[in-house]
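Below are a few exercises, each with a worked solution.

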Amino acid sequence: MQPGPPTAPAPAPAPARVDAAGRRTRLRQYQVQLLERIQAARANGGAGVRQLGVQIGAGRYLLELTQAGEIIALTALTALTAVPLTAPWYLGLVNIRGNLTGVVDLARYLGVGDTPAGPDSRIVTFAGALGFNCALLVARVYGLRDGPGMHAVGALLRDADGNEWTPLDLAALVADERFLHVGV
C-alpha cells in the first residue's frame, strides 16, 4: 500500500451562533411572568407587600416597590454633573438611558449628615408613575424587606434582627414644596 497524499485536518466546527430569537423569546416569557406576579401581588390587596431596604446616610430606609424605579451602580457612565446655584443636597444631574435625572442626597436634605459614595453606592430612581425625574443616592441597597412582617417602634419599624427602618414615602417627598425648589 502506497501512502496517499497527506489529508488536511478536519476544519474546526464553526462557533455556535447566538440564538437571538431564542433570547428574545426567553426575555418575553420572563417579562410576562414578572407582570403576572406584580398583578397577583396587587390583587392580594397588598398581602406580603415587600419593600426595598436602603441605607441613606447612616439610616436604614424602606421604599415602596411601587414608588422605586431602577437601581443603578455608580460608574463612569453615571457620572454626576453638578448644577450651579442649587441646594447642597441636590448633587446634580445624571444621564440615565437618555433621560436627565436629578440626584439628591436625602440625608443632607433631612439634615442628618451625608450619604458617602463608595463601592456599594447606588442611585435609586423614582418610579415613572410619580412623574418626577429624580433619584436618591444610597450608600447601600439591602434588598427586599418584608415591611408588614416588622413591628412598629414609634414611627420606625424593627425587623427580626433588631434593625430599625424608617418608611420613606417618595410620593409625599415629591409633593413637598421645599424638595421641589432646589435653587438657592
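**Exercise 1. Charges over rings**

Over the face of which residue does Arg60 lie?

*Solution.* Before you start, note that this is a predicted model, where local features need pLDDT of at least 70, side-chain atom pairs count only at pLDDT 80 or more, and totals for chains, interfaces and linings use all residues. Residues are numbered from 1 along each chain as its sequence is written, and side-chain values use heavy atoms, with hydrogens and water left out.

Step 1: know the test. A charge sits over a ring if NZ of Lys or CZ of Arg is within 6 Å of the ring centre and within 35 degrees of the ring normal.

Step 2: apply it. Arg60 lies over the face of Trp165, 5.3 Å from the ring centre.

Step 3: look for another case. Arg178 has its charged end over the ring of Tyr109, at 4.0 Å from the centre.

**Exercise 2. Aromatic pairs**

Find out how many aromatic pairs the structure holds, then work through the two that involve Phe179 and are described here.

*Solution.* Step 1: get the rules down. Rings of Phe, Tyr and Trp (its six-membered ring) pair if their centres lie within 6.5 Å; planes under 30 degrees apart count as stacked, over 60 as edge-to-face and the rest as tilted.

Step 1: count. There are seven aromatic pairs in the structure.

Step 2: take Trp89 and Phe179. Their ring centres are 5.7 Å apart and their planes are at 15°, so this pair is stacked. It ties together distant parts of the chain, 90 residues apart: Trp89 is in the loop between strand E3 (68–73) and strand E4 (90–96), while Phe179 is in helix H4 (residues 177–180). Helices (H or I, at least four residues) and strands (E, at least two) are DSSP runs, numbered from the N terminus.

Step 3: check burial. Buried means under 20% relative accessible area, exposed over 50%, and partly exposed in between (1.4 Å probe, protein chains only). Trp89 comes out at 7%, so it is buried, and Phe179 is buried too, at 2%.

Step 4: take Phe126 and Phe179. With centres 6.4 Å apart and planes at 10°, this pair is stacked. Phe126 belongs to strand E6 (residues 122–126) and Phe179 to helix H4, 53 residues apart. Phe126 has 5% relative accessibility and therefore counts as buried.

Step 5: Ring pairs join Trp89, Tyr109, Phe126, Phe132 and Phe179 into a cluster.

**Exercise 3. Asp105 and its contacts**

Is Asp105 buried or exposed, and what does its side chain reach?

*Solution.* Asp105 is in the loop between E5 and helix H2 (106–110).

Step 1: read the accessibility. At 1%, Asp105 counts as buried.

Step 2: list the contacts. A polar contact is a pair of N or O atoms within 3.5 Å; within protein, one must be able to donate a hydrogen and the other to accept it, and residues adjacent in sequence count only if both atoms are side-chain atoms. The Asp105 side chain reaches the backbone nitrogen of Ala107 at 3.1 Å. It also makes a 2.7 Å polar contact with the side chain of Thr115.

**Exercise 4. Positive phi**

Which loop holds Leu85, and where does Arg97 lie?

*Solution.* Step 1: recall the background. Most residues other than glycine have a negative phi.

Step 1: take Leu85. This residue sits in the loop between E3 and E4 and has a positive phi near 60°. Its relative accessible area is 70%, so Leu85 is exposed.

Step 2: take Arg97. Its phi is also positive, about 50°, though it is not a glycine. Arg97 is in the loop between E4 and E5, and it counts as exposed at 65%.

**Exercise 5. Far in sequence**

How many Å separate the C-alpha atoms of Thr75 and Arg122?

Step 1: give the distance. Thr75 and Arg122 are 47 residues apart in sequence, with 9.3 Å from C-alpha to C-alpha.

Step 2: Gly111 and Trp89 are 22 residues apart along the chain, and their C-alpha atoms are 9.1 Å apart.
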